[in-house]
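Hello,

Here is the structure I promised to pass on. Please load it before you read the notes below.

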Amino acid sequence: MFSGILIGKDDGGYHAKLQRIDESLLPEGDVLVRVSHSTINYKDALAITGQGPVVRKFPMVPGVDLVGQVEHSSHTAFKQGDWVLLNGWGVGETHWGGLAQMARLNGDWLIPLPAGFTPQQAMSLGTAGYTAMLCVMALERHGVKPGDGEIVVTGAAGGVGSVAIAILSQLGYAVVAVTGRTDETDYLVGLGAKEVLPRAQFSQPGKPLGKERWAGAVDVVGSHTLANLCATTRYGGVVTACGLAAGMDFPSTVAPFILRGVTLAGIDSVMRPTADRLEAWSRLAMDLDLKQLGTIGREVPLTEVIPLATELLQGRVKGRIVVDVN
Ligand code: NDP
């Protein structure tokens with residue numbers, strides 16, 4: 001038996017509960033992992049609260065991220081005692097995830113715990129941090145360089161936003177943070193933002209084109225905010241879109257793309273090929289000041305996960321939450 005969060009949906013409705021789970025109920029997989037740490041991402045909060053259609057099989061252990069030690073493996077890449085990391089691949093959605101003390105997984109989804117990270121540090125980043133790195137890599141791939149101009153980061157005080165600011169500023173970019181929590185200005189400036197703007201400046205319907213400002217953008221918000229970022233991005237600039245904190249809609253026009261050559265780069269972390277994951281994690285080890293992780297992440301036990309999921313969706317969680325599952 002082990003402890004974990006289990007989500008059920010039945011006549012009693014949708015419910016998530018911390019409970020003891022029989023190991024024989026774990027799903028199929030060729031690697032059994034004794035989980036050390038997990039996290040709460042936006043998607044996990046949707047899954048736990050039932051506020052979004054994330055879970056597609058019941059019962060389900062949520063948790064799209066985990067770090068742990070291999071207990072048993074019939075996969076050629078991993079052996080007992082290896083430390084491994086998992087982000088995404090539908091884990092916590094269609095396959096039992098990381099918010100429990102044990103997980104049985106497909107070894108093809110795992111990568112070794114990246115060199116330079118403790119389990120806690122890797123989970124301070126988690127899917128949010130790895131996605132922030134994928135956004136930065138997309139800006140670079142499309143030719144945005146430090147010195148080209150300002151990079152705007154939305155949802156700045158959240159997980160993806162916090163890590164994106166820390167990476168970009170460490171790389172020498174001029175970062176402008178957009179937040180609904182301007183009382184967190186000291187936190188955002190501490191991460192490396194040179195200016196902090198209120199969310200309300202971006203969240204209302206805007207014109208197809210506005211005054212050109214941004215060389216690049218990392219957007220976790222979607223909806224009017226994403227449309228306004230595209231409309232105010234400079235000629236040839238790049239907007240990376242990874243989130244939908246304000247909505248799935250994208251009420252834009254083609255004007256920024258056909259008149260200013262703006263690139264809209266979509267970022268998915270879930271099904272990302274392993275080579276990109278390895279690159280993103282090794283870039284995180286190189287390009288992030290790991291001291292910042294102490295500011296960005298805080299650790300909680302499994303017992304705090306369910307109430308924190310609601311707080312996170314209300315935009316009341318700052319940075320990242322690391323879950324010590326033991
Ligand atoms: P967090 O909850 O940690 O951060 C989201 C932040 O967005 C909040 O802290 C808040 O920042 C801002 N926000 C919340 N609600 C609104 C709103 N209604 N309007 C404008 N801003 C809002 O979540 P994560 O950082 O973990 O994830 C952010 C987004 O990125 C989510 O939509 C998530 O699903 C997506 N995501 C996508 C991935 C992918 O593979 N494409 C991977 C990881 C995340 P502030 O208070 O500073 O304004």
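The notes cover a helix pair and then a sheet.

This is a predicted model: local features need pLDDT of at least 70, side-chain atom pairs count only at pLDDT 80 or more, and totals for chains, interfaces and linings use all residues. Residue numbers start from 1 along each chain as its sequence is written.

Helix pair. The axes of helix 2 (residues 119–141) and helix 3 (residues 159–170) come within 8 Å and cross at roughly 50°. The crossing is right-handed (near helix turned clockwise from the far one by less than a right angle). Helix 2 brings residues including Leu-125, Ala-128, Gly-129 and Met-133 to the contact. Helix 3 brings Val-160, Val-163 and Ile-167, among others. Contact here is C-beta atoms, placed from the backbone, within 7 Å. The contact residues divide into 11 nonpolar, 3 polar and no charged; Gly counts as polar, Ala and Cys as nonpolar.

6 strands form an open sheet, order 10-9-8-11-12-13, with parallel pairing (a pair needs at least two DSSP bridges; a strand is a DSSP E run of at least two residues, a helix an H or I run of at least four). Strand 10 (195–198) and strand 13 (263–266) are the edges, each pairing on one side only. Neighbouring strands are turned by 20° against each other on average, direction ignored. Strand 12 (residues 233–241) pairs with strand 13 in the parallel sense over 4 bridges. Ala-241 stands opposite Gly-266 in strand 13.

Best wishes

Technical notes. Axes fitted to C-alpha atoms, helices over the stretch in contact; angles between N-to-C directions. Contact = placed C-beta atoms within 7 Å.
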